[in-house]
Structure formats: structure tokens, C-alpha cells
Amino acid sequence: MNKSSSPKKSKLPLYLSLLLVAILVICYFAVPPVNDFFNEAWSVLTSDDEARVKKWVEDFGWFGPVVIVLAMVIQMFLLVIPTILLMIVSTLAYGPFWGSIINFTAVIIASSVGYAIGKYLGLSFIERLLGEKTTKKITTFIQEYGFWAVVITRINPFLSNDAISFVAGILKMNYWKFISATAVGITPLILLIAITGQNTDSLKTGLLYGSIASLLIFGGYIWWDKQRRSDK
């Protein structure tokens, strides 16, 4: 069979995403309530005030979890809103159990969206978003360590979750491998937030030690992997 006749991958997800963005932009400029909502959301989510963000989310009632998920997707393009803040707010607003469920769902959805953006919009778009230097570093990281590169990025609260999703999409890493690594890596972080998230001091200490532990473990893995390769 002629290769040129093989079916092309559907770009429907890309078209739907662009349509959604276009609708939101039009509504922002044409519908005053939508404009007010986005302006308030921006003000609250960039305030770095956990109590204010918690109250804002609680005011949405049952719609609050949807807001958390949407905020986690949108924050990929708003670097001033860290993912970890939204995860903490979710835990504070909905408790350790339901907050953890919401956080896990939000991360899986946001990661999938980031993967799709990288896959369909390609290298040039992501380089404009992240910068060429950062994109190359993460590309090398994933090419070198694959599954575990994603795991360690998810488990460490101070590494870029969004960038790893974009670049995994660019590299066309197997989606199920990518999302499995995301689930494996994010679960310990979510549990850590659930356990320590009700107290700010214990949360900061837990995140710090968790970050250090994950880096030490991964550093040990890198050392072992290099030793294993040099012995071949």
C-alpha cells in the first residue's frame, strides 16, 4: 500500500481546543459578566493569598471542583499561578479525601491537555512558550530517562509539571506510558499535601523534605544507570 494513502491522525482535538479559546476570547471582550469573572479569577489566583483563594473556590459550591480543574489547565499558560497552590487550595477547601480526588483528576486532565498541545502544535509553538533552551533541556531529559523523567518531575513540587507535558507531546511519547508516569509521580505528592496540607508550617516542611528526598532518589538512580551503562 502506498504510504501517502495511509490515514492521517485526526486534528479534531486541536480544532476543538482552538474553537474553545476563540469562544472564551470573544466572550471576554463581548460579555461583561464573563469579563468580570476572568478579571476576578486573575486577581484571586495571582494574589498568593491561600485564604482568599480558598474562600473564592468555596463560593462556587458544587461547581468548585470544575473551577479547580479549569484553573489547573489554564495555569499552564500563566506561569505566575503555581500548580502546587491550586492543589493546596483544593485540599483546604474540600478536605484531604475529596481534595485529593479533585487534585488527581485535575492533574491528569491538565497533563493530557498539555501533551495534546505539544503533539499537535509542535516544537516551534512550545519553544515560543517555554524558550528554546528550556525546551532542549527537557527534551534531553525525557529522551535520556523516559518514564522516570516524567515521574520525578511530577513528584517534585518545585519542578515544571507543565513543561514536561508539552515536551512529551512534542516527542510523541506513548500517551499511556506518559499518563501512567504522571499518575505514579503525582500520587505521593497529593498524599503528602493531604497529610500535611491542613497546617501551613507542616506543609512547607513536608514539601521541602519531599522535594529533597525525590531529588536524592533520582540522583541515586542516575548514578546507578550511568554505572550500569559504563559496565556494558
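**Entry 1: Threonine 135**

Not counting residues up to four places away in sequence, threonine 135 touches Leu123, Ile126, Glu127, Leu130, Val167 and Ile170; I took contact to mean heavy atoms within 4.5 Å. I found threonine 135 in helix 6, residues 132-145. Helices here are DSSP runs of H or I with at least four residues, strands are runs of E with at least two, and both are numbered from the N terminus. Threonine 135 counts as buried because its relative accessibility is 1%. Buried means under 20% relative accessible area, exposed means over 50%, and partly exposed lies in between, with a 1.4 Å probe and protein chains only.

**Entry 2: Conventions**

I noted that residues are numbered from 1 along each chain as its sequence is written, and that side-chain values use heavy atoms, with hydrogens and water left out. As the model is predicted, local features need pLDDT of at least 70 and side-chain atom pairs count only at pLDDT 80 or more, whereas totals for chains, interfaces and linings use all residues.

**Entry 3: The whole protein**

I counted 10 helices and zero strands in the protein. From the N terminus on, the elements run α-α-α-α-α-α-α-α-α-α. Of the 232 residues in the protein, 38% are buried. Among contacts between residues at least 6 apart in sequence, 69% join residues at least 24 apart.

**Entry 4: Helix 8**

I next asked how many residues of helix 8 are buried. The count is 10 of the 10 residues, so helix 8 is largely enclosed by the rest of the structure. I listed these buried residues as Asn161, Asp162, Ala163, Ile164, Ser165, Phe166, Val167, Ala168, Gly169 and Ile170. Their cover includes helix 5, helix 6, helix 7 (147-155) and helix 9.

Just after helix 8, I came to lysine 172, which takes a positive phi of about 55°. Most residues other than glycine have a negative phi. Lysine 172 is not a glycine, yet its phi is positive. I placed lysine 172 in the loop between helix 8 (161-170) and helix 9.

**Entry 5: Helix 7 against helix 8**

Two packed helices are described by the angle between their axes and the distance between the axes. For helix 7 and helix 8, I read axes that come within 9 Å and cross at roughly 160°. Axes are lines fitted to C-alpha atoms, for helices over the stretch in contact, and angles run from 0 to 180 degrees between N-to-C directions. Helix 7 and helix 8 are therefore roughly antiparallel to each other. Angles under 35 degrees count as roughly parallel, over 145 as roughly antiparallel, 65 to 115 as roughly perpendicular and the rest as oblique.

I recorded the crossing of helix 7 and helix 8 as left-handed; a crossing is left-handed if the near helix is turned anticlockwise from the far one by less than a right angle, and right-handed if clockwise. Helix 7 contributes Ala149, Val150, Thr153 and Arg154 to the contact, and helix 8 contributes Asn161, Ile164 and Ser165. By class, the contact of helix 7 with helix 8 has three nonpolar, three polar and one charged residue. Ala, Val, Leu, Ile, Met, Phe, Trp, Tyr, Cys and Pro count as nonpolar, Asp, Glu, Lys and Arg as charged, and the others, Gly among them, as polar.

**Entry 6: Helix 5 against helix 9**

I then looked up helix 5 (residues 83-130) and helix 9 (residues 175-196), whose axes come within 10 Å and cross at roughly 165°. Helix 5 and helix 9 are therefore roughly antiparallel. Helix 5 passes helix 9 in a right-handed crossing. Their contact divides into 17 nonpolar, seven polar and no charged residues.

**Entry 7: Serine 111**

I found serine 111 in helix 5. Is serine 111 buried or exposed? Serine 111 is buried, because its relative accessible area is 3%. Leaving aside neighbours within four places in sequence, I listed its contacts as Arg154, Ser165, Phe178, Ile179 and Thr182.

The side chain of serine 111 makes a polar contact with the side chain of arginine 154, at 3.1 Å. A polar contact is a pair of N or O atoms within 3.5 Å; within protein, one must be able to donate a hydrogen and the other to accept it, and residues adjacent in sequence count only if both atoms are side-chain atoms. A polar atom of the serine 111 side chain also lies 2.7 Å from the backbone oxygen of valine 107.
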